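Please read the points with the view beside you.

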Amino acid sequence: LLPYLSDHWRAQMVQRGMRELDTIAYPANAPITARPDWRAGTDKAGSSLDRVRAEALDPFSTSIAICHCLYGVQALHSEDMAAAFARAVNQWIASEWLDREPRLRASIVVPTQNVEMAVDEIEHWAADRRFVQVLVLASGDALLGKRQYWPIYAAALRHGLPIGIHAGSAYHNPNTAAGWASTVTEDYVGQAQSFQSQLTSLICEGVFSKFPTLQVVLLESGFTWLAPHMWRLTKYWRGLRPEIPWVQRAPSEIVRDNVRLTLQPVDAPPDTDQLHRMIDHMGSDRLLLFSTDYPHWQFDGTDAMPAGLSPDLTRRILIDNALETYARLRETGP
Amino acid sequence: MNVDVLNRGPVAAVSNTRLAVADCDIHPVIRSLRESLYPYLLSRWRHHLETYGMSQRVAYQDGAPPYPKGTPNAARRDSWPPGGAPGTDLDFMRAQHLDANNVAFAVCNPLMPSGQGFANPQLSAAMCHATNEWQKYALIARERRLRASVVVPYEDTAASVAEIELRAGDPDFAQVLLLSRTAEPLGQPRYRPIFEAAVRAGLPVAIHAFGYGGSPITSGGWPSYYIEEMAGHSQNSQALLSSLVIEGVFESLPSLRVIIVEAGFAWLPALCARLDKHWLRMRDETPELRRLPSEYIREQVWLTTQPMEEPETHEHLHDIIDWIGWDRLLFASDYPHWDFDDPATALPLRLTEEQRQKFFLDNARALYGMA
């Protein structure tokens, strides 16, 4: 990133002996971080365009792929440094990936530590149609429904950009809903609960009441938890809605209109019948967007799609749902 | 539905037509500290309570909730007995709930102010002990359908173990009670002796949603609303159950039985699938585990049913219970709280007689060893 940082920040990095901002969510050698065959012969899986073409795009006949750069920008405590790094990451993505591979699109990394700076970052890149989404993490300083974040959603909506919430944490709060976990396994499993909490927050604070056309995409969230969570939240909404009178529709309806989830990881038992029923419980074929989660190790070979889905649902997951969600993907088509 | 709380008539008469139920989560409440707990507290603690009050890791005196409840005392509007607060009048509870709903036995889970989660560990231990004495003499001695929980000051492991050992072998006590919002995830080593003591005493460990351990109920900070706190209990319980499994509590204590109380249950199949998948991928991180996470859960975890999730398509709930196992859910009403589940209407599914019997009564009988 040094070439993309200003003189000031380059000097700061050197003077202060800063190291890489690699997040502990994906420890370098942990199995989740990279599939063995995608890791082979390289320092960092997914770090070369040729490998990405050969491993992530060609084998899946992918016509468009959206990149999410998970660099520890949002975990910094300095707002200024976070903004500088967000700009550098986005510039790096534009110059070294989007300029060189027409199938790639990207999400705008924003410094959520400071909402004004995050909005500035969106405004800076909005004219570049290859940026198709705004990227935030599943756990930050405050829950994403809070009013302080709404200018980010207003800016995203102004430019036709969905909000993508990706697994990961700033680690500014304990990393699970029960406190600091001991293991990477608990941390990663707990990401699903982080998404549940964020969905609760976005709905209850009224984000979708204020911005009824805002699209939120949950990235690497798992999806089999969604239906039971919406049953619970909708039941409580019936009992407690006087507390949040701005939420006029059932949370389960809001989710079907405004929230999408990426496919991988498929957190389901080996029994495919149970998976099919879990998908059926979600109550809509519009919710899932195909993803490989490359280079994370979620499946082997090219078996990213669960077996036995209907042709209609398969087409929705592979193509239609993404085109409906991302206005900017419709401009070029698959 | 509107309930006229001021001019209501006598509570419903006993219904002999109703299936007998075991109610695995009811909340009797002390009439007052002075009347109910002072007899079991040293003068030092009586003085402390009157001078310094109770600090429960929340901002307000005597533990007033930072997320104000949906109703006064979080109670059903019709559960206020004449001249007292909900849950404080045993005769009223008998008539309104135990008799009316044909409750064969009910497990008492005393909540605030039971002493659990107090910032002052000595006061916490003294209050928990007093709460147990109160349950034994004010409740169980007077109503044999009730069973008590061993309320323990879980942030003080040694005091918790001592309280469990004191109650071991006393048939008035059916389980050890923890709250879910502990200072650290419950699988961590500091809490292990509590689970070991429960196993030695032959008691299951019930982990009831609520409490305040000091950290937010989400991994992304504090929510704004009571509805978020209520919905959040299920994320908190998913995380603590993950901790118990991954830290090896079930592996090291194969006869431990854990009950997740008032956190819902429909989330369990998805959590099991996620635990299995990602534990298998990273199993070299916790090589002491010898079985799939879902296998420990299938054999050693029970869940109470209230507040029951309500899918738009009722049959989806049937799928969920099929996946969890019909022998693992324990009916609970949460009396006298506002989100009470009525046994007559709470499970709107077509069931076999065996399924209904297990769900409402037999699973609890087997778990608690009740005739």
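This is a predicted model: local features need pLDDT of at least 70, side-chain atom pairs count only at pLDDT 80 or more; totals for chains, interfaces and linings use all residues.

1. Residues are numbered from 1 along each chain as its sequence is written, chains are lettered from A and ligands numbered from 1 in the order in which they are written, and side-chain values use heavy atoms, with hydrogens and water left out.

2. Chain A contains 13 helices and seven strands, these being DSSP runs numbered from the N terminus (helices H or I, at least four residues; strands E, at least two). Its radius of gyration, taken over C-alpha atoms, is 19 Å, close to the 20 Å given for 334 residues by the globule rule (2.2 Å times the number of residues to the power 0.38), so chain A is as compact as a globular protein of that length.

3. Of the 334 residues in chain A, 62% are buried, where buried means under 20% relative accessible area, exposed over 50%, and partly exposed in between (1.4 Å probe, protein chains only). Among the contacts in chain A with a separation of 6 or more, 78% are between residues 24 or more positions apart, a contact meaning heavy atoms within 4.5 Å.

4. Over all chains the structure holds 16 aromatic pairs, counted when rings of Phe, Tyr and Trp (its six-membered ring) have centres within 6.5 Å, with planes under 30 degrees apart called stacked, over 60 edge-to-face and the rest tilted. One of them is the edge-to-face pair of Tyr26(A) and Tyr188(A), at 6.4 Å centre to centre and 65 degrees between the planes. This pair links the loop between α1 and α2 with helix α7, 162 residues apart, and both Tyr26(A), at 10% relative accessible area, and Tyr188(A), at 2%, are buried.

5. Phe60(A) and Phe290(A) have ring centres 6.3 Å apart and planes at 55 degrees, so their pair is tilted. Because Phe60(A) lies in the loop between α3 and β1 and Phe290(A) in the loop between β7 and α12, the pair ties together parts 230 residues apart in sequence.

6. The charged end of Arg274(B) sits over the ring of Tyr188(A), 5.0 Å from its centre, the criterion being NZ of Lys or CZ of Arg within 6 Å of the ring centre and within 35 degrees of the ring normal.
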